[in-house]
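The sequence and the model are shown first, and the main points follow by topic.

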Amino acid sequence: MSQVVDFLNEAKTYYIATVEEGQPRVRPFGAAAEHDGKVYLGTYKKKKVYQQLLANPKTEVSGMAKGKWIRLSGEAVFDESVEAKQAMFDANPELKNMYRMDDENVVVFYFKDMKATVYSFSGETVELED
């Protein structure tokens, strides 16, 4: 499993930033997966975050675990494939309590041109490769 997905899963809750009409919007996320060597997150098409990412796919994610934090940036690319959605459900079984695999409003996306850096209070920074 990728270092980025491992870090996000360890953080449990991390925050994704988008833009809406020139204003920043930040909200918690908590499910990540690796599929075809890419980091995936998921959302629901009826949520504002989906519309915001369609309008401006540039996004950042930040989360904290064990005194370190990650900054993940890139462009959200939506993947409508069954395989990508299945990978998200397989990696995050708790999603089955909230969503259905066959729900066309459930959507996953990966990060194009992803950059991931882990920082610590000691000043050490590590670029993660995925």
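This is a predicted model: local features need pLDDT of at least 70, side-chain atom pairs count only at pLDDT 80 or more; totals for chains, interfaces and linings use all residues.

## Briefing

Ser2 is found in the segment before helix H1.

**The start of the chain**

- Ser2 counts as buried because its relative accessibility is 5%, and the limit for buried is under 20%.
- A polar atom of the Ser2 side chain lies 3.0 Å from the backbone nitrogen of Val5.
- Between Ser2 and Gly37 there are 35 residues of separation in sequence, while their C-alpha atoms are 7.8 Å apart in space.

**The nonpolar cores**

- In soluble globular proteins, nonpolar side chains tend to be buried together.
- The largest nonpolar core has 26 residues, and those touching the most other members are Val4, Leu8, Leu41, Val61, Ile70, Leu72 and Phe109.
- At least two residues of this core come from each of the helices H1 (3-11) and H2, and from each of the strands S1 (14-20), S4, S5 (58-65), S6 (68-79) and S7 (106-120).
- Leaving aside residues up to four places away in sequence, Leu41 touches Leu8, Tyr14, Ile16, Phe29, Ala31, Ala32, Val61, Met88, Val107, Val108, Phe109 and Phe111.

**Helix H3 and what covers it**

- In H3, the buried residues are Ala84, Lys85, Ala87, Met88 and Phe89.
- Among the elements that cover these buried residues of H3 are S3, S4, S6 and S7.

**The largest pocket**

- Rolling a probe the size of a water molecule over the atoms shows where empty space is left.
- The volume of the largest pocket is about 330 Å³.
- Its lining is made up of 17 residues, and Phe29, Gly42, Thr43, Lys47 and Tyr99 lie nearest the centre of the pocket.
- By type, the lining of the largest pocket contains 10 nonpolar, three polar and four charged residues.
- Strands S2 (23-29) and S4 (38-44), together with helices H2 (48-55) and H3 (82-91), each supply at least two residues of this lining.
- S2 provides the largest share of the lining, three residues.

**His35 and Asp36**

- His35 has its place in strand S3 (residues 32-35), whereas Asp36 is in the loop between S3 and S4.
- His35 is buried because its relative accessible area is 14%, under the 20% limit.
- Asp36 counts as exposed because its relative accessibility is 62%, over the 50% limit.
- The side chains of His35 and Asp36 are joined by a polar contact of 3.4 Å.
- Apart from its neighbours within four places in sequence, His35 is in contact with Tyr40, Glu83, Ala84 and Ala87.

- Most residues other than glycine have a negative phi.
- Asp36, although it is not a glycine, has a positive phi of about 50°.
- Asp113 is not a glycine either, and has a positive phi of about 55°.
- Asp113 is found in strand S7, and Asp113 counts as exposed because its relative accessibility is 60%.

**Val77 in strand S6**

- Val77 lies in strand S6 and is partly exposed, with a relative accessible area of 23%.
- Not counting residues up to four places away in sequence, Val77 touches Val108, Phe109, Tyr110 and Lys112.
- Val77 and Ala65 are 12 residues apart along the chain, and their C-alpha atoms are separated by 26 Å.

**Ser120 in strand S7**

- Ser120 lies in strand S7 and is buried, with a relative accessible area of 11%.
- A polar contact of 2.8 Å joins the Ser120 side chain to that of Ser122.
- Beyond its neighbours within four places in sequence, Ser120 is in contact with Gly67, Lys68 and Trp69.

Notes. Residues are numbered from 1 along each chain as its sequence is written. Side-chain values use heavy atoms; hydrogens and water are left out. Helices (H or I, at least four residues) and strands (E, at least two) are DSSP runs, numbered from the N terminus. Buried means under 20% relative accessible area, exposed over 50%, partly exposed in between (1.4 Å probe, protein chains only). A polar contact is a pair of N or O atoms within 3.5 Å; within protein, one must be able to donate a hydrogen and the other to accept it, and residues adjacent in sequence count only if both atoms are side-chain atoms. Contact means heavy atoms within 4.5 Å. On a 1 Å grid over the protein atoms alone, a cavity is a set of points where a 1.4 Å probe fits but cannot get out, and a pocket is an open set with protein on both sides within 12 Å along at least five of seven lines; lining residues have an atom within 4 Å of a point. Grid points are joined across faces, edges and corners, and a volume is the space filled by probe spheres set on the points. Ala, Val, Leu, Ile, Met, Phe, Trp, Tyr, Cys and Pro count as nonpolar, Asp, Glu, Lys and Arg as charged, and the others, Gly among them, as polar. A nonpolar core is a set of buried Ala, Val, Leu, Ile, Met, Phe, Trp, Tyr and Cys residues joined through side-chain atoms within 4.5 Å.
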